[in-house]
Amino acid sequence: MKPFLALEASAGSGKTFALSVRFIALILNGANINEIVALTFTRKAANEMKERVVETFLNLKEKPSELEEISKILNQSKEEILGLRDARLAKFLEGNLKITTFDSFFVMILRQFSLNMGLSSDFKIVSGLENLQRAEFALEISKDKALLKALANLIISAQNSKNSFFDALEMFYDNFGEIKCVQNSKFPSEVAVENSLRNLYEYALKKDASDQALKSFEPKKPIRLLESAFVERDSLNYRTYSKIYSPELDELFWELKANLKLYFDELEAYKLSELNKFLQIYKSVKLALNRRLNSLTFSDVSRLTYELLCKNFDAQVLYFRLDGRINHLLIDEFQDTNVTQYEIMLPLISEILSGYGQNGLGSFFYVGDIKQSIYRFRGGKKELFAKLQDDFKQIKSSSLDTNYRSFAALVKFTNAIFKDKISDFKEQLASTKKDDRILDLRVDSWCEYFVPDSDDYGFLRVVSNDDIVSEVLNQVKFLLENGVKDDDITVLCWKNEDINFISSALESAGINLVSESTSSLLQSPYVRAIVEYAKFCLFKDPIYKLNVEALLDTKIYLLDINPSKPAFLSLNYLAQKLNIDISNIDILRLFELAREFKNLADFIFNLDSFDAVISAKNSVGVKIMTVHKSKGLQFENVIVCDRIGGSKSDSSSFLAEYDVKDGWKIKQNIKKESFDEDFKNLKNRAKELEKEENLNKLYVAFTRAICGLVVIKKSSPDGRNPSFFTAYELKSSQEIVEYLDLKEFTFGQVIPSKKDEIQQVRNSKDIDIIKVARQDIDTKKDSMAKNQNAIYLGLAFHYLFEMTARFDERALWVARSAMFNKFHKFLSDDELEELFLRGLNLIKDEKFIELTTNKKIYKEQPLKFNGSLKQIDLMCIDDNEICIIDYKTSDHSIDENISQITNYRDAISKFYPNLKIKAVLFYTLKNKIQYIEI
């Protein structure tokens, strides 16, 4: 095992596989589980990796690929590896896997040092503090008239809005904390520029210049002078000034440009100095607000962790607070790391890579793909991937370049078009398995058309249409007509508003869809009606009454609201009065989010910070998402859209780019390329990086597809309406290939979706069974009459079986830890151990084994029948039969239990009339298992 390794992993090459086997290899090689930390960027990725590690470790014998790879890493036989696994199994089950996100890891550190920052260790992570932070900042600034005037000047000079200034402030806060600048710089004098312009005017007047030439030299403020076309010229030796031109004119012109540079250099220094003052006040205000509310935003978490670790790093103090060293560090998607995250982790990485690591006691592993770096907008710097290797020569490098995800034709197509477009693109030699044959593909030259080999598999299509949205609908219909299920189609677009356009088109055509809607939850008609009713009851303003009646076409009346009741109970009461179905997914989401508000008034007065969006109405259907959201995912058939509309220009007040050698470079973002070479270079670099990232986005989009890829390009783009996939001409007749120039073609056959083993009827009015994460069991009904301890016993037992990957003893031991962690506050260890023993008895019961063996298992299935929400403990399904299983920890209500499961059986029978439906009640009592078959 290489102790320090950088792994470049191309799309679909098995990055998660590599991370998980590395993690397990460390454990088998003797590493203390509590000293291993793996960091990812999202909870989803962290959960997937944790699940992969646990599943692989416990079932290593049944994982031949993982077993072989670990055997290679540790240079031991497979039998020896399995022996090591068995020897370390108990420690593994007892250990705490530290696989988490950067944010969660930083929060964990801050909680240990919270008193140092004047916070309680139970501080909350919240969103929506921006308006309050800005209000507090403005209040602090208003105490000093000079500062207030300077702030007004900065906001005005931003030439956009107050948000432009605050956005810049937040960007600097996230990335710098403070700005390196000349302190107390003065506002520059305009005299030198005015004199140079006057000299040009007098020269032109003396030479009897044309009105146009004279007008260009009339007195102007320096910032307005930048709008003059002549300033962008290298020389005034052209038509407008041909009548008066002489070398002397250029001398005067160059003097003007030199004075403009001096002026704007001084202006930039002044503005950065002023901005730095405001930044320090902003930081101070934010910290004071954090302490007062005992709350942090995620940007606060990163900034405070940076201040804590990077300014006064003491490894021993950190490890003491964390109750253990970090000897082994693994980082996922390293190309998306921003500078702040990098600098926070650098002391920890350096410590591992120093003498301690050289003793063979530590390791560092990071993985990523700079071709998939698409988070520049939030500070991601792909350059840091190579910088780490340059700075620490002991880090070795390796690569994964085999695509195991996509069919051969798709891999070959992607390689061909990106090979010469993405810098450092490594040709992927794809080994794609199909019909038990391994295909070793080479990249043919990409001329105008894709020329496949006879053994290529997969469906490819490039089609053009200036109406991208209508063409999406055409291609979705085409795939559906050719046997692809709606759930196996994903549409990728570029902006959040694109999702809404495409969703509307597909919805109007009656196509099931699952989209990441960006519409506010408050725009949902039923949610809006409840909120308007709440306002009417609180404020008694008739406008709110009219709003509700317009939304629901019904009459409403003023109701008395108990001011002390929690907000969600009052909203629930109003929903019932409006006869709104509270099982509606948006209504349930409203109730869930309202739980954090102590009463209805508190909820209403905080609506401005309510940023939830409308929930997806279906669990299955055509998926629509942005390319950013698709990263790390894979889909059977992908439709990639061209840009919908034009591109937005950069209106930020400052231009900031990071250089791995020189650090951050900051320039005022105004039109001064003609006389400021540094700014011109920085602007060009920013454009290059943006273009590289857009190509990376295209690469990410194309590599999400498994078996089918459709690209929709614009037919007739132009400079104002550019395209990712089509060359276009400028007014000068110059042809531009900004990114790709794809020709229309179709290759291969659409691969129909696999048929479900049991056909499910969607959108049924009677019943809706979906495979979703378990929701909390409803314990409200008759809860007052039941013993609270008995409720927790039942919940804990259900949770034990929900967390069990398979019905065997090893998997149950894993679930046991999860149950203890979740319910130790409510039940004693003896009670939890008793539940575990009952679970062991159940999985060993002959009848239970008979019903669950060789079946598809669905746990904790929500069931909506005749308007009522139920939940089935277990469904076991094969080709001929569905068995519904309900398990109970008490036999006190047998008649009620029988009635309940009979209703489940009858409901399922209506949905599957051609299958045999059976229902079995299992009573998991102390030391015995009883069952009743219905």
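Reading strands and helices in a predicted model

Reply: Strand E25 (residues 881–888) is mostly covered, with eight of its eight residues buried. Buried means under 20% relative accessible area, exposed over 50%, and partly exposed in between (1.4 Å probe, protein chains only). This is a predicted model, in which local features need pLDDT of at least 70 and side-chain atom pairs count only at pLDDT 80 or more, while totals for chains, interfaces and linings use all residues. Residues are numbered from 1 along each chain as its sequence is written, and side-chain values use heavy atoms, with hydrogens and water left out.

Me: Which residues of E25 are buried on each side?

Reply: One side holds Glu881, Cys883, Ile885 and Tyr887, and the other holds Ile882, Ile884, Asp886 and Lys888. Helices (H or I, at least four residues) and strands (E, at least two) are DSSP runs, numbered from the N terminus.

Me: In which sense do E25 and E26 pair?

Reply: Strands of a sheet pair through backbone hydrogen bonds, either parallel or antiparallel. Two strands count as paired if DSSP finds at least two bridges between them. Here E25 and strand E26 (residues 916–925) are parallel, over eight bridges. Isoleucine 882 is opposite isoleucine 917 in E26.

Me: What is the strand order in the open sheet of six strands?

Reply: The order is E3-E2-E6-E7-E1-E8, with parallel pairing. Strand E3 (98–101) and strand E8 (396–400) each have a single partner strand, so one side of each has no neighbour in the sheet. From one strand to the next, the twist averages 15°. Axes are lines fitted to C-alpha atoms, for helices over the stretch in contact, and angles run from 0 to 180 degrees between N-to-C directions.

Me: How many bridges join E2 to E3?

Reply: Strand E2 (residues 36–40) is joined to E3 by four bridges. Leucine 39 has threonine 100 in E3 as its bridge partner. Helix H6 (residues 102–112) packs on the sheet, touching E2, E3 and strand E6 (328–331), and its direction makes about 105° with that of E3. Contact means heavy atoms within 4.5 Å.

Me: Where does H16 bend?

Reply: A bend at a residue is the angle between axes fitted to the seven residues ending there and the seven starting there. H16 bends by about 40° at leucine 346, and proline 347 follows within four residues.

Me: Why is H16 described as largely enclosed?

Reply: Helix H16 (residues 339–353) has 15 residues. Of these 15 residues, 12 are buried, so H16 is largely enclosed by the rest of the structure. Among them are Val339, Tyr342 and Leu353.

Terms used. Expected span 1.5 Å × (residues − 1).
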